[in-house]
Amino acid sequence: MTAGTFTTADGCALAFDVEGKGQPVLWQHGLGAPLDQPVEVFPENTGLQRITLMCRGHGASALGDPSRLSIAQFADDALALLDHLGIEQAAVGGISLGAAISLRLASFHAQRVAKLVLARPAWVDGPSIERQHGYHVAAQYLEKYGVDEGAERFRAAPEFLEVMAASPDNAASLIGFFRRPRPDTTIPLLSRIPLDWPGVSRAQIAAIRQPALVIGNDQDYVHPLAYARELAGLIPGARLAEITSKTIDRAAYVAEFRNALAGFLPGRGGDR
């Protein structure tokens, strides 16, 4: 595993992680997630090189100007990382926010994307403010009450209870934001990104021609299986993999996720 940093055109120092040798795969994390999240589900010993950019405000990456936080900016940063590493084309994918970044790259920079993986997508063709409202509310509680009192109050909030009833795993993630190591970055990230979207229209999604895999699971309030099914239906020839939810069986979730990626990523970009 190799860790490194590079500086973007606007002067933001970003961290990245590279593991393995072979076909490059830009494999991105979700909102607020540590590196462990994308690493856990990535297949091993498949002749793939995993490249993960820690987006602004994540891991050891600087936050930069909070007003620049957006999915479009994260996608530009990911492209800048590929340039920094001298990679002309890579398979591109990610989880939740990582899927949004990947969708944008596949649409706006198609020549750089050999294959596309959208795992547990949280957006389709517009903002998903209702489904992600809990993130925004969590930021408000964290800012107003701090870590401990904020978490205690948030557990009683109707927005948290609604998510908890539908998806305990999503609820655990929401509470996890209060324990995140960098609260100074958590508040601007949760205040801005859940209101955003990839900026890719239905017509643009339907025009994607890269081989694509969409991964979804049920019992997921923030990432409805319906979103995964809709995207798989919009992208010509896309595969859909429906896997076990972490709420039901975390070990099965990880194993099925890895198997889906291992069955899709290796091989030339033109393979279906």
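Let's start in a loop: Ser96 sits between strand 5 (90–95) and helix 3. Helices here are DSSP runs of H or I with at least four residues, strands are runs of E with at least two, and both are numbered from the N terminus.

A word on the model. It is predicted, so local features need pLDDT of at least 70, side-chain atom pairs count only at pLDDT 80 or more, and totals for chains, interfaces and linings use all residues. Residues are numbered from 1 along each chain as its sequence is written, and side-chain values use heavy atoms, with hydrogens and water left out.

Back to Ser96. Its phi is positive, about 55 degrees, although Ser96 is not a glycine. Is Ser96 buried or exposed? It is buried, with a relative accessible area of 9%. Buried means under 20% relative accessible area, exposed means over 50%, and partly exposed is in between, using a 1.4 Å probe and protein chains only.

Arg120 lies in the loop between strand 6 (113–119) and helix 4. Arg120 is buried, at a relative accessible area of 5%.

Now the cavities. On a 1 Å grid over the protein atoms alone, a cavity is a set of points where a 1.4 Å probe fits but cannot get out; a pocket is an open set with protein on both sides within 12 Å along at least five of seven lines; lining residues have an atom within 4 Å of a point. Grid points are joined across faces, edges and corners, and a volume is the space filled by probe spheres set on the points.

How many cavities of 30 Å³ or more are there? Two. The largest cavity holds about 40 Å³. Its lining includes Ser96, Leu103, Leu118, Trp123 and Leu231. Helix 3 (residues 97–108) gives the most to that lining, with three residues. By class, the lining has nine nonpolar, one polar and no charged residues. For these classes, Ala, Val, Leu, Ile, Met, Phe, Trp, Tyr, Cys and Pro are nonpolar; Asp, Glu, Lys and Arg are charged; the others, Gly among them, are polar.

The second largest cavity has about 30 Å³ of space. Ser96 turns up in this lining too, along with Leu31, Leu97, Ala122, Trp123, Gln132, Tyr135 and Val222. That lining divides into six nonpolar, two polar and no charged residues.

On to the pockets. The largest pocket has a volume of about 710 Å³. It is lined by 30 residues, and nearest its centre lie Gly32, Ala33, Pro34, Gln37 and Ser173. Which helix supplies the largest share of the lining? Helix 7, with five residues. Helix 1 (36–41), helix 7 and helix 11 (250–264) each supply at least two. The classes here are eleven nonpolar, ten polar and nine charged.

The second largest pocket has about 180 Å³ of space. It has 13 lining residues, and Glu19, Phe42, Pro43, Glu44 and Arg50 are the closest to its centre. Helix 1 and strand 4 (48–53) each supply at least two residues of the lining. By class, there are four nonpolar, four polar and five charged residues.

Next, helix 5, residues 147–154. Gly150, Ala151 and Phe154 are buried there. They sit on the same side of helix 5, because they cover an arc of only 100 degrees around the axis. That arc is taken from the directions from the helix axis to the C-beta atoms. The face turned away from the buried side carries the exposed residues Asp148 and Glu152. What do the buried residues of helix 5 pack against? Helix 4 (133–145), helix 6 (158–166) and helix 7 (168–176). Contact means heavy atoms within 4.5 Å.

Helix 6 and helix 7 also pack together, at an angle of about 140 degrees, with axes 6 Å apart. Helix 6 brings Phe160, Val163, Met164 and Ala166 to the contact, and helix 7 brings Pro168, Asn170, Ala171, Leu174 and Ile175. By class, that contact has eight nonpolar, one polar and no charged residues. Axes are lines fitted to C-alpha atoms, for helices over the stretch in contact, and angles run from 0 to 180 degrees between N-to-C directions.

Last stop, Gly237. It is found in the loop between helix 10 (225–234) and strand 8 (239–242). Gly237 is exposed, with a relative accessible area of 56%. Its C-alpha atom is separated by 17 Å from that of Ser102, 135 residues apart along the chain.
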